[in-house]
Amino acid sequence: MSLGIKNALTREGNLVNITIDGGLITNISDIDTKFSENQFDHIINAEQSLVTESLISPHIHLDKVLIGDIIEPNISGTLWEAIQQTWEVKRNYTVDNIKKRASEVINNQIKFGVTHIRTHIDVDSIGGLMPLKGLLATKEEFKNVIDLQIVAFPQEGILKDEGTEELLEKALELGGKEMILGGMPHNEFNDENSKKHVNILLSLAKKYNVPIDSHTDETDDPNSRTLQYLASRAIEEKFRNSITVDHICALSSYDDYHAARVIELVKKAGINVVTNPPTNMVLQGRLDTRAQRVGITRVKELLEAGVNVTIGQDCIHDPYYPFGKGDMLEVANLLGHAAKMTTASAINTLYDTITINAAKTMDITHQFEVGTSADLLILHGVKNVHEAIRTTPPARTTIRNGKIISQTKYTQERFY
Ligand SMILES: [Zn+2]
């Protein structure tokens with residue numbers, strides 16, 4: 001199967017023709033060079049629209065998405081109320097119910113140009129391994145169109161929720177290769193147990209040779225210091241597997257000196273950061289009585305220090321976040337607002353956070369260049385990444401392994 005894309009505009013502003021064969025990008029040439037259209041099984045005229053790597057969704061909770069319809073509203077708006085509200089729903093999970101909701105979101109993400117997703121799924125004494133079973137069934141169904149990585153996530157704590165460590169081991173065994181170990185060390189009864197939680201993560205990750213992707217310090221509490229502990233332990237142990245931390249909202253509550261010290265450790269440990277502006281802008285700052293915090297971590301300082309930062313949708317229509325549709329361009333737009341990333345270079349970085357930075361976090365090769373897998377996105381009618389993030393255009397073509405897997409067209413009829 002060969003595919004040609006003609007008149008494509010690159011991020012650098014060059015007009016090119018793209019040749020795809022056997023799932024790989026085999027040539028990218030200037031439009032003035034010879035390009036014989038009848039050599040392809042299929043050809044797309046991009047009509048001078050932007051073509052880039054496809055988008056990546058590195059942090060979402062597909063077991064919990066869309067439960068907002070069957071749950072009472074989160075009145076306090078806090079993370080802790082959201083967690084407690086989810087308990088009743090988790091007790092009644094079935095494979096089919098999880099698969100149905102997860103599939104609806106995955107289909108939307110594909111429509112928006114996503115080809116790789118990393119999802120966290122709860123592993124605890126309430127839902128047991130049901131969320132994992134639901135996502136493994138979903139992964140099988142979408143195996144030809146999406147790369148789905150699954151993170152075993154002990155949201156209820158490990159020491160606080162008896163039996164969770166054993167369940168995590170079972171999840172890592174059941175999920176097989178490509179499983180990732182999640183964490184939630186700030187959700188323990190005290191600092192000592194939070195440290196034990198981190199040590200359990202490091203030892204399990206070594207035992208099963210898996211990466212760590214841990215919710216960390218998702219709180220406004222300036223005393224929450226589990227990121228510092230995790231980074232220090234990873235450096236001391238010369239931990240080799242990749243580590244990603246999510247949210248790290250408390251970093252914004254530290255004073256500048258302590259925050260700088262922690263960011264230096266994160267850089268030294270080679271830790272990736274996922275910020276989740278949609279959810280944290282609504283969950284955090286709820287106890288602030290004046291000058292309410294924005295809720296996200298110190299994105300600009302982390303980027304300036306050379307830390308790999310990416311963005312997650314996190315939640316869609318559940319007790320944690322009532323909005324969201326899975327469009328990573330919308331998520332980048334929200335980060336632009338929350339982190340005040342408004343210059344041309346900052347907007348360019350926003351686009352990196354949902355493409356090449358996210359790929360680094362997921363430990364995959366994902367670059368729009370010859371020889372790589374043809375996982376591409378055509379943003380019809382859009383000329384550059386600024387316009388893409390500003391307008392979040394509806395007309396998109398998603399290409400996975402050299403095949404068109406989704407094409408959304410847009411027409412407007414004007415009657416004036
Ligand atoms: Zn999350």
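The predicted model contains an open sheet of eight strands, ordered β5-β6-β7-β8-β9-β10-β11-β12. Its pairing is parallel. Strands here are DSSP runs of E with at least two residues, helices are runs of H or I with at least four, and both are numbered from the N terminus. Two strands count as paired if DSSP finds at least two bridges between them. β5 (55-60) and β12 (309-311) stand at the edges. Each has a single partner strand, so one side of each lacks a neighbour in the sheet. From one strand to the next, the twist averages 25 degrees. Axes are lines fitted to C-alpha atoms, for helices over the stretch in contact, and angles between N-to-C directions run from 0 to 180 degrees.

Residues are numbered from 1 along each chain as its sequence is written. As this is a predicted model, local features need pLDDT of at least 70 and side-chain atom pairs count only at pLDDT 80 or more, while totals for chains, interfaces and linings use all residues.

Four bridges join β5 to β6 (residues 114-122) in the parallel sense. I60 has T119 of β6 as its bridge partner. I56 stands opposite H116, also in β6. Helix α5 (residues 191-208) packs on this sheet. The helix touches β8 (179-183) and β9 (212-216), and its direction makes about 170 degrees with that of β8. Contact between two residues means that their C-beta atoms, placed from the backbone, lie within 7 Å.

β6 is largely enclosed by the rest of the structure, because nine of its nine residues are buried. A residue is buried if 20 or more other C-beta atoms lie within 10 Å of its own, exposed if 12 or fewer do, and partly exposed in between; the C-beta atoms are placed from the backbone. β6 also runs parallel to β7 (residues 147-153), with seven bridges between them. I121 stands opposite A152 in β7. From β6 the chain passes through helix α3 (residues 130-141) to β7, a right-handed β-α-β crossover. Right-handed means that, with the strands pointing away from the viewer, the path from the first strand over the helix to the second runs clockwise.

I106 lies in helix α2 (residues 95-111). This residue counts as buried because it has 26 C-beta neighbours inside 10 Å. Residues up to four places away in sequence aside, I106 touches I117, F142 and I146. I106 and I117 are eleven residues apart along the chain, and their C-alpha atoms are separated by 8.4 Å.

A further open sheet has seven strands in the order β3-β2-β1-β4-β13-β14-β15, with mixed pairing. β3 (24-30) and β15 stand at its edges. Each has a single partner strand, so one side of each is without a neighbour in the sheet. The twist here averages 35 degrees from one strand to the next. β2 (residues 15-21) pairs with β3 in the antiparallel sense over six bridges. In that pair, I18 has I28 of β3 as its bridge partner. β1 (residues 2-9) runs parallel to β4, joined by six bridges. I5 stands opposite I44 in β4. β4 pairs with β13 (residues 376-379) in the antiparallel sense over four bridges. T52 stands opposite L377 in β13.

The chain is divided into domain 1 (2-53 + 368-408) and domain 2 (55-361). These bounds come from an automatic or database domain assignment. Taken over C-alpha atoms, the domain centres are 31 Å apart. In the interface, 15 residues of domain 1 are in contact with 20 residues of domain 2. On the domain 1 side, β4 (42-53), α13 (385-391), β14 (396-400) and β15 (403-408) each supply at least two residues. α13 gives the largest share, four residues. By class, this side has five nonpolar, six polar and four charged residues. Nonpolar covers Ala, Val, Leu, Ile, Met, Phe, Trp, Tyr, Cys and Pro; charged covers Asp, Glu, Lys and Arg; the others, Gly among them, are polar.

Helix α10 spans residues 328-338. Its buried residues are M328, L329, V331, A332, L334 and L335. K340 follows α10 and has a positive phi, near 55 degrees.
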